[in-house]
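Dear colleague,

Here is the structure I said I would pass on. My notes follow it.

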Amino acid sequence: MSARTATEIDHPEPAAALMARAAELERGGKIDEARACAEQVLEIEPDHADALQLLGAVAFRDGNLGEAVRLMERSRRVDPEKTLYARNLCEVYRLLGRYDEALEAALKATLGDPRDPIAHVNMSVLRLARGESDEAIISAERALAIDPNLPGAHFGLAEALLLRGEFARGWEEYEWRFRLKGVPALMPRADIPQWQGETVRGRLMLIADQGFGDSIQFGRFIPWAATRCEELVVACGRELQPLIGQFAGVGSMFDKWDECPPSVAHLPLSGLPRLAGAALGNIPAEVPYLRAEPAKLAAWTRRLELLVSPRHRRIGVAWAGRPTHKNDHNRSIRLETLAPVAALDGVTLVSLQKGPPQAQIAGFFGRAPLVNIGAEIQDFTDTAAIIEALDMVITVDTAVAHLAASLGKTTWIMLPFAPDWRWLREVSDSPWYPSVRLFRQTAAREWDPVVAKIAGELPGRLTSIPVRPGGHLGT
């Protein structure tokens with residue numbers, strides 16, 4: 001019997017067997033065990049391409065994009081011809097904003113293995129991020145030609161179609177969103193059928209299935225649904241209930257599934273535009289369709305009269321959305337980016353910002369005063385009342401934008417280069433909200449030109465706003 005080497009003694013299991021086990025563990029969701037197994041492989045073979053790739057995928061799952069790209073690039077250097085590595089790097093590069101490198105990787109993956117549907121899905125998502133919606137549709141359709149039941153391809157196709165204003169087909173593809181990997185079930189019960197828009201005898205349940213802004217936007221269709229049932233109930237968080245309760249036809253609301261009343265059918269709130277046949281020319285846009293509570297409006301009006309000079313215009317600002325939003329790194333800015341607006345005469349900025357980004361106010365040094373009332377804002381009823389008492393709102397794409405627009409307030413929204421589908425392409429207005437003006441990036445993650453344009457046009461807009469009694473423009 002020959003003597004064993006030190007490596008064989010330390011690692012009695014060969015690298016190939018360890019790698020196969022690591023891959024199986026990773027597919028089974030046992031991430032920590034998969035990581036440990038792949039690290040053992042690297043102890044035996046420091047340049048094992050598959051082990052490096054797996055560890056990069058694990059880092060990606062953990063949200064560590066820097067480590068993910070380092071490991072994946074290293075694995076690709078070891079085996080530059082493996083299309084799987086290029087496919088995975090495309091997605092990591094996209095999230096890092098390295099769009100040219102992502103495109104190179106996507107082309108390598110799709111040309112190297114044209115029958116890989118995921119490679120085409122990644123290409124579609126990238127094309128949409130690059131503002132190339134036509135190409136995004138082509139790539140999504142290529143993926144579906146290979147696998148017609150691929151949820152990611154259908155959803156990517158939906159977003160690109162809706163962005164182009166092709167609502168009829170877009171809404172149908174949008175129905176695939178609940179089949180995406182990792183998306184939780186809409187409701188715990190499976191015995192209540194999904195509503196298809198017919199008139200029902202009994203109770204219809206609508207479920208606020210997306211973010212606050214989406215619920216405010218799609219809530220306009222609630223009265224339409226209420227005319228097609230005997231009673232309508234809405235499942236939504238308590239934060240939304242003061243707003244949802246304003247829509248005609250809402251019988252009751254609940255926020256816990258054990259309080260769910262018997263219903264004959266259900267529908268996600270985001271499914272209403274499809275059933276209502278929403279198209280660019282027929283979106284219900286009777287604005288305002290939400291209103292502030294009179295008592296709160298009176299209270300906040302008095303509060304702002306104490307805090308803001310009557311000679312100043314009141315401009316509400318919100319510069320960041322919810323950090324957990326999948327696109328927050330693209331849509332949110334820092335308060336300091338609004339410096340050109342803060343340098344204008346005759347204005348006071350009123351912060352509508354909530355959450356951790358409020359801390360940025362401590363470093364604000366603009367000429368315009370900044371009223372920080374974030375700590376006093378308890379819920380959407382406060383925010384709505386404050387917005388009603390302002391002259392206009394400037395915000396990124398977040399719930400504040402939808403709330404201000406639904407109240408009929410003049411609202412200027414700053415959009416990233418690849419905006420959410422609801423804001424369409426290129427236009428500066430919105431069929432959803434007549435009081436909205438859109439300011440778009442012309443290059444990814446470059447906000448300074450957007451804010452400069454707003455600051456340049458704002459003085460002219462303010463002159464059209466009636467002066468409050470006793471006040472005037474200027475300092």
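Helix 5 runs over residues 65-78, and because its 14 residues at 1.5 Å each should span 20 Å, the 20 Å between its end C-alpha atoms agrees; the expected span is 1.5 Å times one less than the number of residues.

**Basis**

This is a predicted model, in which local features need pLDDT of at least 70 and side-chain atom pairs count only at pLDDT 80 or more, while totals for chains, interfaces and linings use all residues. Residues are numbered from 1 along each chain as its sequence is written, and side-chain values use heavy atoms, with hydrogens and water left out.

**Strand 1**

In strand 1 (residues 203-207), four of the five residues are buried. Strand 1 pairs in the parallel sense with strand 2 (residues 231-235) over five bridges, and in the parallel sense with strand 4 (residues 265-268) over four bridges; pairing requires at least two DSSP bridges. Ile207 has Ala235 as its bridge partner in strand 2 and Pro268 in strand 4.

**Whole chain**

The chain holds 21 helices and ten strands, taken as DSSP runs (H or I, at least four residues; E, at least two) numbered from the N terminus. Of its 475 residues, 51% are buried.

Regards

Note on methods
Buried < 20%, exposed > 50% of the residue type's maximum accessible area, 1.4 Å probe, protein only.
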